[in-house]
Amino acid sequence: MAAETDWGRIAADRLAALAGLSAPGPGVTRLPFTPEHRAALDLITSWMEAAGLSVRLDAAGTLIGRREGPPGAPTFLTGSHQDSVREGGAFDGIMGVVLALLALEKLASEGVGLPFAVEVLAFADEEGVRFPTALIGPRALAGTFDPAVLDMADADGVTLRAAMTAFGLAPDEITGLRRDPAGVLGYLETHIEQGPVLEADGEALGVVTAICGIERHPVVLTGETGHAGTLPMQMRRDALVGAAALITEVDRMARATPGLLGTVGTLSVAPGAVNAVPREVRTMVELRAPEDAVRARAGQAITAFAEAMAGERGLGLDMTRSYHQPAAPCDPDLMARLEAAVRAQGGRGLRLASGATHDASAMADLCPIAMLFVRCAGGVSHRPEEHASAEDMGAAVAAIGGFLAGIGT
Ligand SMILES: [Zn+2]
């Protein structure tokens, strides 16, 4: 009897090979439209071709490996991004490409046919590290690509258009990549969790419910400075003490509201002297939630809190909502099928939201989306230590295969 194929071990080996295709330095640095990107595409292409897929690179730099379905049948899309952050890990993004391809290889080895075509996608740029934009590939497919971003430049002054052209792509043809939603069944993205929830729950795999929406509120609090030794406490209008109250309320509210994540990650204090009462604080409140209504209510509540607090403390307040991105809910039917596939591998089918943005966020404008999270050690990502075990990846390959086979039924 032949030994059973260890799909998780193959995944680990392939990801190790891809991790070698990196700019110098610790961990993996594979930015879009670079020699490392080209080398990764060549290697993935060789695996796709060996698996019998037809392979092409679209005008936006998305590598597409297609397993044909019956004539006229729709297509199911699956994959993730090939790029990394600077000095990142070997799993974020690229693992979703490798595991999707292995799931197709597993189904083929078992003689499982599908009543639809499947395309494995390796998007060029999700992290947005090189250019001040991202998600070109999925936005092209969804028809939400804005050609104005082609004029954005990287730190060396190279425009996105020039970088793509030098890579052999046709940036002016990107708007023509839009897919007809009628021909697309859905999109599944497999990704490391980038958080500690699955590990804490002892689960290898999790089913994502939604990709959180985000809003950001820049805040300027203005008081009055004075000498730390001569200005009496009762006469102070200390902008930093006001900011401290605001930050504490953001944390309190987020802890008390299911699903809500609230963060204050920046703070600048003027005059910023050890013996001067702070006159001005500039900071930013960021809120995330899987439900837009929860996030919007929190944004209004924190603004109302800031107004009342500033009034009580005699501070000036300038607070606006500068940015917001709606949540992308996962499709209930695809979630249920994914949960069944995870349970078939012995998992509980734990459901959790994604606090981070993914290619799936943009794909949600094209078709129903689903996401499978894989446990990562210590919840660590975007660092060289990022790690998912071969065993967990093997379970993911089986779950993806089971999920795809289930869609046909
Ligand atoms: Zn990612």
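Hi everyone, thanks for coming. Please keep in mind throughout that we are looking at a predicted model.

Let's begin with helix H8, which runs over residues 292–313. H8 has 22 residues, and from its first C-alpha to its last it reaches 31 Å, close to the 32 Å expected at 1.5 Å a residue. Which of its residues are buried? They are Val-294, Arg-295, Ala-298, Gly-299, Ile-302, Thr-303, Ala-306, Met-309 and Ala-310. If you look down the axis of H8, these buried residues fall within an arc of 165°, so they line one face of the helix. Turn to the face that points away from the buried side, and you'll find the exposed residues Arg-297, Gln-300, Gly-311 and Glu-312.

And what do the buried residues of H8 pack against? Their partners are helix H7 (239–256) and the strands E7 (213–222), E9 (280–289), E10 (316–319) and E11 (323–325). Just past the end of H8 sits Gly-314, with a positive phi of about 70°.

Now for helix H3, residues 94–109.

Next, a residue I'd like you to find on your screens: Glu-127, in the loop between strand E4 (117–123) and helix H4 (136–142). Glu-127 is buried, yet it has no salt bridge. How far away is the nearest side chain of opposite charge? That side chain belongs to Arg-30, and it is 9.6 Å away; a salt bridge would need the charged atoms within 4 Å. What Glu-127 does have is a polar contact of 3.3 Å, side chain to side chain, with His-382. Setting aside neighbours within four places in sequence, the contacts of Glu-127 include His-81, Asp-83, Ser-84, Asp-92 and, once again, His-382.

Last stop, Pro-258, in the loop between H7 and strand E8 (261–270). Is Pro-258 buried or exposed? It is exposed, with a relative accessible area of 72%.

Technical notes
Residues are numbered from 1 along each chain as its sequence is written. This is a predicted model: local features need pLDDT of at least 70, side-chain atom pairs count only at pLDDT 80 or more; totals for chains, interfaces and linings use all residues. Side-chain values use heavy atoms; hydrogens and water are left out. Helices (H or I, at least four residues) and strands (E, at least two) are DSSP runs, numbered from the N terminus. The expected span of a helix is 1.5 Å times one less than its number of residues. Buried means under 20% relative accessible area, exposed over 50%, partly exposed in between (1.4 Å probe, protein chains only). The arc is that of the directions from the helix axis to the C-beta atoms. Contact means heavy atoms within 4.5 Å. Lys and Arg count as positive and Asp and Glu as negative; His and the chain ends are not counted. A polar contact is a pair of N or O atoms within 3.5 Å; within protein, one must be able to donate a hydrogen and the other to accept it, and residues adjacent in sequence count only if both atoms are side-chain atoms.
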